[in-house]
Amino acid sequence: MKQILFLFIATFLLAKESCLLCHKNYNDLDRYHTIKEFGCISCHGGNGKAKEKTKAHQNIVKNPARLEHAKIFCSKCHKNEIERIAKSLMNTQSGILDVLRFQFKKPPSKSFLLEKINNPKSSFVANGAISKSKGIKAIQTPYKNLVQSHFAKLCAACHINEKQSVFKTIPKRGGGCIDCHEAPTKQGEKHIKFTTIIPDKNCLKCHNRSNRIGLSFHGIYESEGYNRYKNGKLSNKLDKYRRFIKLPADIHHSKGKMLCIDCHTEVGIMGDNKEHLHMEEAVDISCIDCHKPIFKKATNFPLATKLAYLNGKVPLPKDKVAITHKKGTPIYNLQKIGKKIVFFRKSDGKALSMPLLNHLAHQQSFHKRLDCSACHSKWIPSCYGCHEIYFENARQFDWIKLKKTHGQWMELRNYLRFEDSTLAIGYNNKIMPTAPGCQVFMNIFDKNNSFKKSFISLAYGAWNPHTTNKSKKCITCHFNSSSLGFGKGIMHFHKNKLTFIPFYDSNASSLELPFNIDALNSINGEQLQGFSRKNARSFNKEEITKIINVYKCAICHNKWSDPIYEDFNKSKKLFYQKQTSCAKRLLQ
Amino acid sequence: MKSLFILLLSLFAFANTCATCHKKEAIKCSHSLHFTHQKEISLTLKAFDIKDYNKSISTLPKPKSNPSSKEDLAYDLLERKCLRCHIDVISPKNRCLACHNSHLNKNDSFRARPTQKKCLTCHNGNFIGVDFLGLFPHDFDKSYRSPLDKRGFYPKRLGGIDYHHLIKDIHAKKGFTCISCHNNKISSNWEQISCISCHQKISAKNHPSYHKKISCIACHSAWQTNSYKSILLRSDIANYNDFKRLFVSEDPYLERFLPLAIKKKLPPVMPNYLDKKLYKGIWYQGYLFRRWEHFFLINFQNKIELARPLLDFELTYINDKNQTIIDAQNFGGFVVTKPHTIIKEAKSCEMCHENDIASLPKAKIFKGALIEGSPLTKEQEKKLHSLKYKFLRAKDFFK
């Protein structure tokens with residue numbers, strides 16, 4: 001009712017707006033936000049009665065979609081959304097800040113590392129953050145520490161409320177609501193357009209660094225920066241200096257032609273009105289939400305109907321709609337119509353059939369601790385060695401102050417890989433793929449440009465790499481040094497003893513580490529690198545032994561459907577009692 | 001006739017001081033692979049699928065300045081990029097000093113022995129030589145020039161190349177240098193020295209008969225330098241800005257030329273290392289990616305050997321009118337390699353038997369091109385996953 005009243009008032013006001021006398025031929029923003037109904041002033045402010053430019057433009061707002069303006073101009077209709085997005089991770093950035101705090105504040109010193117190697121009982125790995133981050137609003141100048149300076153100079157460029165088009169060479173980011181909701185315009189359209197079908201391009205503006213989920217999903221791997229030409233032009237350009245190569249994309253993208261928002265729900269992205277610390281708390285979608293869905297009556301979820309209506313392509317849920325396991329929020333494009341489960345693509349409303357999780361492999365008890373991504377991800381982009389250098393005497397552009405300020409950061413790296421991921425216990429207490437994130441080698445140079453101090457802070461991170469594909473083979477995990485966390489090298493199992501020779505020599509490569517840089521844990525199960533989450537850890541000795549013990553059988557019994565795995569403990573018992581045919585030959 | 005002329009010329013060049021005593025060696029050297037580059041040249045030409053590939057430095061045709069075919073480009077590539085490592089370029093005044101050090105009389109002849117440093121002048125980067133010391137080249141991009149030292153400088157480079165340090169060859173660890181093995185005392189043909197020249201007794205227990213056909217290096221090498229797709233671009237236009245972060249690209253000429261060319265707007269020129277004159281166009285090299293952990297098994301001369309992507313080219317030629325004459329065309333493939341990264345323990349069984357990319361027919365990156373040798377047969381493939389292997393391996397685990 002309020003909305004209708006507002007529209008009525010808006011129409012009434014429009015009759016008196018003089019803006020369109022100069023600003024001719026402006027297009028509507030979308031089918032709801034039309035100029036006819038909204039006019040200009042209801043969003044941009046200014047004086048609609050004045051006929052001179054200066055007077056008419058008094059108190060005008062160029063981009064009302066910025067969160068501080070949206071609070072005033074858009075709140076009449078979108079109060080709930082604006083409140084939620086203000087508390088979301090994309091606005092508070094507390095995820096980034098918390099990881100930075102973890103990396104910069106409590107780094108294990110070199111002597112600590114050495115002690116760890118010599119004395120396995122001591123623990124150096126500080127898992128989890130020190131205290132709850134207060135997010136971007138707590139950052140005040142002058143920056144007190146490395147965390148704030150690093151954030152302002154490098155990370156803050158991807159803040160949702162960042163000023164748009166600061167540099168012409170850098171893709172447009174930020175701008176508040178339109179950071180995500182901007183739709184591509186056709187030629188001749190002067191005003192930006194809105195959409196709720198967020199194109200992947202908008203997500204990729206930011207989600208292309210760090211763990212590079214946005215890129216991996218599309219089968220794009222940021223390469224080592226070599227140029228490639230096709231038709232006389234650089235063919236593999238990610239941006240001015242970054243290059244890519246194509247790898248197998250996520251099956252949801254390559255076969256399903258799905259967008260990011262086909263999985264990621266409105267609540268998961270825009271927030272649930274709570275301030276979260278990390279991504280895993282905010283995101284509500286998981287694989288089982290679609291592949292092992294829970295359905296509820298659609299009438300109980302008005303949000304689902306509203307979102308489907310706004311989408312315009314997905315039919316309105318009438319019968320039953322799926323909800324997420326984690327937060328119980330609706331997934332409006334997964335519906336149960338009669339007995340049929342249908343997934344509607346948000347981009348065009350095309351109905352896709354949903355493969356359900358009734359494959360026998362998923363019902364076996366022994367892989368219950370695995371996250372889906374541990375088996376089903378094809379590759380994970382890993383960046384080894386992050387050499388951060390901070391020059392106190394130089395200046396660099398600051399994304400919070402939007403001008404050059406004191407202090408300059410430089411980032412160098414060791415090498416990139418896209419191969420089988422290291423496995424470890426992730427933030428959700430499940431076994432997940434991990435990759436370095438980040439292995440900081442920090443060097444600080446003081447105001448006289450001379451060396452001040454250095455420290456090493458190594459961490460791994462667990463995430464779903466978004467390269468979903470067919471499941472891996474048994475050996476990819478059960479006898480693979482990099483999956484087990486030892487790094488790349490030669491692993492032998494001889495006379496009941498595990499040995500490992502790493503390829504990488506960190507010390508000779510002047511990294512000053514007593515272990516190879518790609519080792520998350522030693523073969524004795526000591527964790528060598530940290531995790532920014534409290535629950536996360538590497539495999540311990542017991543787990544390593546357990547994984548390798550399975551391989552003893554998996555050499556021959558290399559299919560999950562093999563009868564010995566129906567009751568593996570029983571099979572092992574029978575084997576050691578020499579009651580199986582292979583035991584008679586092997587245990588002599 | 002031409003070769004005779006070159007021989008005389010070479011005698012003259014070798015002659016300056018050394019040949020007064022070492023006449024025999026000077027003549028021998030002018031026929032050696034180190035001087036003729038016959039192996040590199042013919043393999044490269046073979047990789048480009050050129051029929052008449054058997055050529056050496058004396059019979060290599062002079063490249064045209066406006067090449068139109070892959071042949072012209074291959075000759076041009078060799079003379080202006082690869083043959084930078086020719087003896088005459090390394091040591092123009094006295095050829096002998098490219099490898100040897102000078103000595104005064106018979107009593108100090110030990111000084112003349114080639115030092116490791118001399119060998120590594122050419123045998124570096126992707127090639128066998130530096131891997132003996134556990135070195136694997138860094139990627140070219142500026143961001144890989146890590147770690148910065150305590151004075152804020154980029155790390156020191158060995159022969160202009162940044163390196164990762166990986167596990168060293170066991171011979172290097174024990175203090176061997178190149179000529180400890182590659183000398184004419186151990187084998188008369190020092191270019192083809194083999195492991196068994198020294199290691200004559202090997203235990204039968206660790207070297208079972210079913211692995212008889214496998215070369216020593218296939219098992220005992222730890223890692224190898226694989227450079228997937230050498231992306232070659234000959235550009236006659238001044239597109240220097242695309243390479244702004246790739247100045248340090250294992251080519252000392254480009255490293256000095258490119259910054260200067262951007263600053264002073266110089267036209268794209270590069271020397272021909274054989275006639276030492278500047279010609280139009282620049283050869284850039286890049287890769288798809290480089291890895292040390294992969295290896296590939298192939299049949300070569302009745303043995304199972306290792307192969308690696310090395311002469312695996314993607315060739316592009318953009319001429320001075322900005323026309324693309326050859327557009328990202330693929331040539332070549334894998335070659336046999338003998339990585340000098342020997343370790344005592346050898347590879348684990350799984351590294352070959354359970355590795356999908358180790359056996360060539362299954363490798364997806366590999367599209368069938370082998371310049372030397374032949375891929376594993378289906379029978380050999382089957383043997384990799386045979387019941388016998390599985391039983392023996394399982395037995396090993398339950399010992």
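In chain B, a hairpin is built from β8(B) and β9(B) with five residues between them, and Asn322(B) in the turn shows a positive phi of about 65°. Strands here are DSSP runs of E with at least two residues, helices are runs of H or I with at least four, and both are numbered from the N terminus. Two strands count as paired if DSSP finds at least two bridges between them. The model is a predicted one, so local features need pLDDT of at least 70 and side-chain atom pairs count only at pLDDT 80 or more, while totals for chains, interfaces and linings use all residues. Residues are numbered from 1 along each chain as its sequence is written, and chains are lettered from A and ligands numbered from 1 in the order in which they are written.

Strand β3 (residues 226-235) of chain B goes the parallel way with β8(B), over six bridges, with Leu233(B) partnered by Thr316(B). How many of the 16 residues of β8(B) are buried? The count is 15, so β8(B) is largely enclosed by the rest of the structure. Buried means 20 or more other C-beta atoms within 10 Å of a residue's own, exposed means 12 or fewer, and partly exposed is in between, with C-beta atoms placed from the backbone.

Helix α4 (residues 38-47) of chain B has Ile41(B), Thr44(B), Leu45(B) and Ala47(B) as its buried residues. They sit on the same side of α4(B), because they cover an arc of only 155° around the axis; the arc is that of the directions from the helix axis to the C-beta atoms. These buried residues pack against α5 (70-80), β8 (303-318) and β9 (324-337) of chain B. Just after the helix, Asp49(B) has a positive phi of about 65°. Elsewhere in the chain, Lys378(B) belongs to helix α13 (residues 378-384) and is exposed, with 9 other C-beta atoms within 10 Å.

Chain A holds an open sheet of five strands, ordered β7-β8-β9-β10-β11 with antiparallel pairing. The edges are β7 (294-297) and β11 (351-353) of chain A; each has a single partner strand, so one side of each lacks a neighbour in the sheet. Neighbouring strands are turned by 45° against each other on average, direction ignored. Helix α20 (residues 302-311) of chain A packs on this sheet, touching β8 (320-323) and β9 (330-337) of chain A, and its direction makes about 95° with that of β9(A). Axes are lines fitted to C-alpha atoms, for helices over the stretch in contact, and angles run from 0 to 180 degrees between N-to-C directions.

The contact between the chains takes 49 residues from chain A and 52 residues from chain B. Residues are in contact if their C-beta atoms, placed from the backbone, lie within 7 Å.

As for confidence, chain A averages a pLDDT (the predictor's confidence in each residue, from 0 to 100) of 88, and 92% of the residues score at least 70.

Notes
Two residues are in contact if their C-beta atoms, placed from the backbone, lie within 7 Å.
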